[in-house]
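Good morning, and thank you for coming. Please take a moment to look at the sequence and the structure before we go through them together.

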Amino acid sequence: MNMNYGSMGPGAMVRCRQCSSSITAMPGARAVQCMQCSCVTRVSGRGRQQHGYGQGYGNGGGMLMPPMRPTPAFGGGRGKKRAVLIGIKYTNRRSCELRGPINDVKCMRYLLTERFGFPNDCVLILTDEERNPCRQPTKDNIRMAMHWLVQGCSYGDSLVFQFSGLGAQVPDDDGDELDGMDEALCPVDSFQQGPILDDEINEAIVRPLVHGVKLHAIVDACHSATVLDLPYQCTVSKQTGRWRWRDERPMTGACKGTSGGQAVLISGSSNGKSNMSVLPEPYATIGAMTHSFIRAVECEPRTTYGRLLTSMRAIMRDSGGNCNLQGPIGGSIHKVANFSGVEEPQLSSAYKFDIEREPFCM
C-alpha cells in the first residue's frame, strides 16, 4: 500500500550540515537525516515550495503537510480512552540499533489496560517488529496514528502518546525556539523520509485538543525535552531540589498551546547523546525513562505530578541498571538501557498548574 502524497516529482539534493554528504530530500520534506552520520539537516523553504505546497499549516508559518487521514485498514477503536504507543529498534540500521523500545511499548500497554482501564482495541501499537504494514512505525503511519488519536476528541477524553526510539535536533528556521533548535522524532524510515519535527507534532496532537480533553505524552528519546513544543517547562532546581516552571513561549508570539484542552509531556533532560551500546543477548531490556515512569506509578498509584517526577528521578539514579517491574511482562525484563542518554525527568505543559497538588491520572 502506497501511503506517500502522490507523485510529486524528484526530490532536491541537500548537503549534510555535519559531514557534507549529499542527501536526497523527498518532495515537501522539511528536514532530512544523513545515512552516514545520522545528523539532521534543514531543507530550505525554496526547496519545499518548488513542489507546490501551500502555506499556513504550521504555528510559525512553516510548511507542514496536511494531516493524513487513517485508512479503513488502519483500524483502532473510538473509546474515551485512546493511546498510540510507538517503539522503534531500527533493526539493521548501522550504528543505531536500540535495545528496549519494544519492551517499552509492551509494558506501557499493560499499564494502560490493566491499571488505567484503556480498552485493548483503543491502544494502537506501531513497532518495527509488526508484520502488518499499517503497524510499521513509518513517517506516514505515525502521522496517521497521531490524527487517529485526536480525531473527534471531546470533553472527558484521556489520550496517551508514547514514543520510544531516536530523537534529533535541527536548527530552527522561523525564530520560535528559545534555544534556536527544533527537536524531532525519527521514524523507522527517517533516512528516506526525514524526521517529524516538533512543530508538526504540536500541530497534529496538541492544537486539536478542546476543553476537557487531556493528553499525556511519554517520550524516551534523545533531544526530546520539548518535542511537543509546549509553552511551559517544569524542571528541578539544582539548588533547592524543588520543581519550578519556566516560560518557553517564543518571542515571535507563535501559538504553541491547545484549543482549550491540556497537554502534558513527560520526557527527560539528557546529555544529548544516545547510549547505543549493545547489551548481552540474554538480557531483556527496557528504556530508562519508561522504566522509571512505570515503576513510579506502580509504587504510588494515587500520586501527584510532583511526587511522580521526584520518584522517577530517584529510580533513575538508584536502579543500577536493573529492572524491577511487576506483572507478566515486566517480570521477564532484567536490564534498563539508557539508550536516550536521559539524566533526569522533566515535564512540559500547555498550562501551568500546582504539580505538588494536582493528582496524576490517565
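This is a predicted model: local features need pLDDT of at least 70, side-chain atom pairs count only at pLDDT 80 or more; totals for chains, interfaces and linings use all residues.

Let me begin with a definition: two strands are said to pair if DSSP finds at least two bridges between them. Helices (H or I, at least four residues) and strands (E, at least two) are themselves DSSP runs, numbered from the N terminus. Residues are numbered from 1 along each chain as its sequence is written, and side-chain values use heavy atoms, with hydrogens and water left out.

Let us start with strand 5. Strand 5, residues 81-87, runs parallel to strand 7, residues 158-164, and seven bridges join the two. Within this pairing, V84 stands opposite F161 of strand 7. Strand 5 is also joined to strand 6, residues 123-127, by five bridges, and these two strands again run parallel. Here I86 is the residue opposite L126 of strand 6.

Is strand 5 enclosed or open? Six of the seven residues of strand 5 are buried, so the strand is largely enclosed by the rest of the structure.

I turn now to the nonpolar cores. A nonpolar core is a set of buried Ala, Val, Leu, Ile, Met, Phe, Trp, Tyr and Cys residues joined through side-chain atoms within 4.5 Å. The largest one has 44 residues, and F161, F163, L215 and L228 have the most contacts inside it. Helix 3, residues 139-150, gives the most to this core, namely six residues. There is also a second, separate core of 41 residues, which includes L111, W243, V297 and L347.

Let us look at L228 itself. Contact here means heavy atoms within 4.5 Å. Leaving aside residues up to four places away in sequence, L228 touches D198, I201, N202, V206, L215, A217 and L265.

Next come the aromatic rings. A pair of aromatic rings is described by the distance of the centres and the angle of the planes. Rings of Phe, Tyr and Trp (its six-membered ring) pair if their centres lie within 6.5 Å; planes under 30 degrees apart count as stacked, over 60 as edge-to-face and the rest as tilted. By this rule there are five aromatic pairs. F293 belongs to helix 6, residues 288-299, and F360 to the segment after strand 17, so the pair ties together parts that are 67 residues apart in sequence.

What is the arrangement of Y305 and F360? Their ring centres are 5.4 Å apart and their planes stand at 85 degrees, so this pair is edge-to-face. Y305 lies in helix 7, residues 305-318, and F360 in the segment after strand 17, so parts 55 residues apart in sequence are tied together. Y305 counts as buried, at 0% relative accessibility, and F360 counts as buried at 4%. One aromatic cluster is formed by F116, W245, F293, Y305, F353 and F360.

My last topic is the charged residues. A salt bridge is a side-chain nitrogen of Lys or Arg within 4 Å of a carboxyl oxygen of Asp or Glu. The count by this rule is 13 salt bridges.

Consider E344, which is found in strand 17, residues 342-349. E344 forms a salt bridge with R313, the closest N and O atoms being 3.2 Å apart. Since E344 lies in strand 17 and R313 in helix 7, the pair ties together parts that are 31 residues apart in sequence. Both E344 and R313 are buried, and the relative accessible area of E344 is 8%.

Which other salt bridge does E344 form with R317 as partner, and at what distance? For R317 and E344, the closest N and O atoms are 3.6 Å apart. This pair links distant parts of the chain, with R317 in helix 7 and E344 in strand 17, 27 residues apart. R317, however, is exposed, with a relative accessible area of 53%. Elsewhere, salt bridges that share partners join K80, R82 and D157 into one network.

Thank you for your attention.

Technical notes
Buried means under 20% relative accessible area, exposed over 50%, partly exposed in between (1.4 Å probe, protein chains only).
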